[in-house]
Amino acid sequence: MTTTEPPPPPPPQPPVSATPPEGHGHGHGHGHSHSHGPAAPVSKHLRKVIAAVLIPFAAAVVVGLLVLWPGGTPSHERTGVGFDRQTQSAKVTKVQELPCKDLSPSQTPPNGDTSTAEGQSAQSTATGICKKATVEVSSGDDKGRTFTEIIQPDSPRQLKQGQQVVVAYEPKAPEGLQYSVTDVNRKFPMALLAGIFALAVVVVGRLRGVMALVALAISFMVLTFFILPAILQGSNPLVVAVIGASAIMLIALYLCHGLTARTSVAVLGTLISLLLIGLLGSLFIGWAALTGNTDDNTGLIHGLYPSIDMSGLLLAGVIIGSLGVLDDVTVTQTSAVWELHQANPTMGWRGLYRAGIRIGRDHIASVVNTLVLAYAGAALPLLLLFSIAQSSVGTVANSELVAEEIVRTLIGSIGLVASVPVTTALAALVVSADRTTGSGAAMGAVAGPRDGGRATEGGAIRAPRGGTRGGTRGGKGRRRKR
């Protein structure tokens with residue numbers, strides 16, 4: 001008796017999906033759509049909507065730059081105090097070690113008391129070995145002129161022969177006291193470190209790294225040639241900071257990430273967060289009565305330019321300082337939502353927002369901690385002084401010097417936290433409203449039921465088991481032409 005065996009089942013076929021445009025959304029056997037390369041462009045309608053918001057904003061920034069552009073840093077008569085001194089380059093040509101009592105015999109403590117810091121310094125001066133350095137000026141009108149510098153044994157800066165230094169020049173002082181060493185010349189090691197940094201960025205980032213360095217240079221140019229001189233000329237520091245930060249944001253983001261809808265969403269999220277930081281900063285700096293004049297440097301600025309609003313200068317610093325971290329958060333959140341949309345084009349804006357905000361929570365935790373530690377590290381010597389004085393936490397926080405940093409940190413952190421839901425919501429709304437030009441899998445998901453197929457996660461279409469209309473027949477399948 002002959003039995004007829006059924007033919008073997010056909011081999012499994014990969015899910016059939018529409019051909020993705022521009023190389024996006026390649027279908028795979030597990031039914032997910034993966035993106036390769038840049039995001040698919042959004043529709044012309046959405047591009048018009050985004051342009052309608054950003055073009056007037058960019059035009060306002062350009063107008064603000066033209067109106068407030070300074071003619072240069074205003075001149076003033078040098079005071080010879082702090083950084084407001086004439087300086088020249090010099091070199092230590094000779095160093096001699098001599099007993100301090102032969103160089104400064106009058107500094108011996110009158111009663112030998114070494115219980116105080118002043119007494120200990122005087123005692124070391126009387127019994128220790130000092131250095132007598134001969135310094136030669138190597139720049140300026142007095143190039144080649146030499147003078148001597150006495151270095152005490154307890155001095156934090158000890159000079160060595162052949163060392164490059166920076167000297168201050170006071171023309172009104174007696175001839176023998178016109179020059180004095182103020183610092184070490186660190187230009188070469190700093191330039192070398194900057195070169196290593198640039199090389200690392202280019203090697204790892206390649207073209208993006210080059211664009212990032214160009215954007216960094218432009219940011220410094222805006223800060224040096226617009227923000228600082230405009231504030232010194234008496235313009236409102238808050239207005240100058242907002243215009244300057246906006247210009248930096250537009251140039252840096254579009255230069256590094258391209259003129260795309262994704263970047264435009266990041267720009268909008270950054271702008272909204274900066275406005276929130278500006279409002280909160282203006283409110284709480286005024287409420288906490290922070291003057292912005294808390295150390296010798298700010299006091300010198302106020303003395304030289306009394307018209308500068310120091311509290312406004314503090315607020316300007318908060319806005320500019322928050323911009324760099326805001327760029328990172330908004331670009332990351334926008335990219336995350338775009339990639340989620342390409343991985344699953346059928347996901348609505350609520351699903352995209354929920355998935356994006358889960359990513360954003362991790363980002364918030366790390367970024368806020370980074371911001372707080374950055375400020376704490378910068379103020380570490382100050383915090384150490386309060387610890388030595390055994391001051392209470394309330395006393396330390398209430399002092400203007402520390403309260404200024406606390407307000408700066410908290411306002412910046414609030415802006416960073418707010419930027420995550422704001423940018424995520426904007427990105428989710430934009431990509432979910434753009435189904436007509438999304439990935440090919442999205443179009444396949446819409447067309448699938450008409451072909452008798454079944455949509456899967458990610459938008460891929462599985463062929464029906466019966467081999468009907470667009471499925472398989474006789475173990476062989478083929479794609480329908482679209």
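**Exercise 1. Determine which helix gives the largest share of the nonpolar surface patch, and describe the patch.**

Solution. The largest share, 4 residues, comes from α4, where helices are DSSP runs of H or I with at least four residues, strands are runs of E with at least two, and both are numbered from the N terminus. The model is predicted, so that local features need pLDDT of at least 70 and side-chain atom pairs count only at pLDDT 80 or more, while totals for chains, interfaces and linings use all residues. Residues are numbered from 1 along each chain as its sequence is written, and side-chain values use heavy atoms, with hydrogens and water left out.

The next step is to list the members: V202, L207, V210, V214, I251 and L255 make a patch of about 420 Å². Such a patch joins nonpolar side chains (Val, Leu, Ile, Met, Phe, Trp, Tyr) within 5 Å, taking residues with over 30% relative accessible area and no salt bridge. Both α4 (187-232) and α5 (237-257) supply at least two of its residues.

**Exercise 2. Decide whether V210 is buried, partly exposed or exposed.**

Solution. V210 is placed in helix α4. Buried means under 20% relative accessible area, exposed means over 50%, and partly exposed lies in between, with a 1.4 Å probe and protein chains only. At 33% relative accessibility, V210 therefore counts as partly exposed.

**Exercise 3. Classify the ring pair of W69 and F226, and locate its two members.**

Solution. The structure holds 4 aromatic pairs, a pair being rings of Phe, Tyr or Trp (its six-membered ring) with centres within 6.5 Å, called stacked when the planes are under 30 degrees apart, edge-to-face when over 60, and tilted for the rest. Because the ring centres of W69 and F226 are 5.6 Å apart and the planes stand at 20°, this pair is stacked. W69 lies in the loop between α1 (44-68) and β3 (86-99) and F226 in helix α4, so the pair ties together parts 157 residues apart in sequence. W69 is partly exposed, at 47% relative accessible area, whereas F226, at 0%, is buried.

**Exercise 4. Identify the residues with the most contacts in the largest nonpolar core.**

Solution. Among the 58 residues of this core, V61, F226, M249, V267 and W338 touch the most other members; a nonpolar core is a set of buried Ala, Val, Leu, Ile, Met, Phe, Trp, Tyr and Cys residues joined through side-chain atoms within 4.5 Å. The elements that give two or more residues include α1, α4, α5 and α8 (310-343), and α8 supplies the largest share, 11 residues.

Terms used. Patch = residues over 30% accessible without salt bridge, like charges linked within 9 Å, V, L, I, M, F, W, Y side chains within 5 Å. Areas by Shrake-Rupley, 256 points an atom, 1.4 Å probe, with all protein chains shown as cover. Salt bridge = Lys/Arg side-chain N within 4 Å of Asp/Glu carboxyl O.
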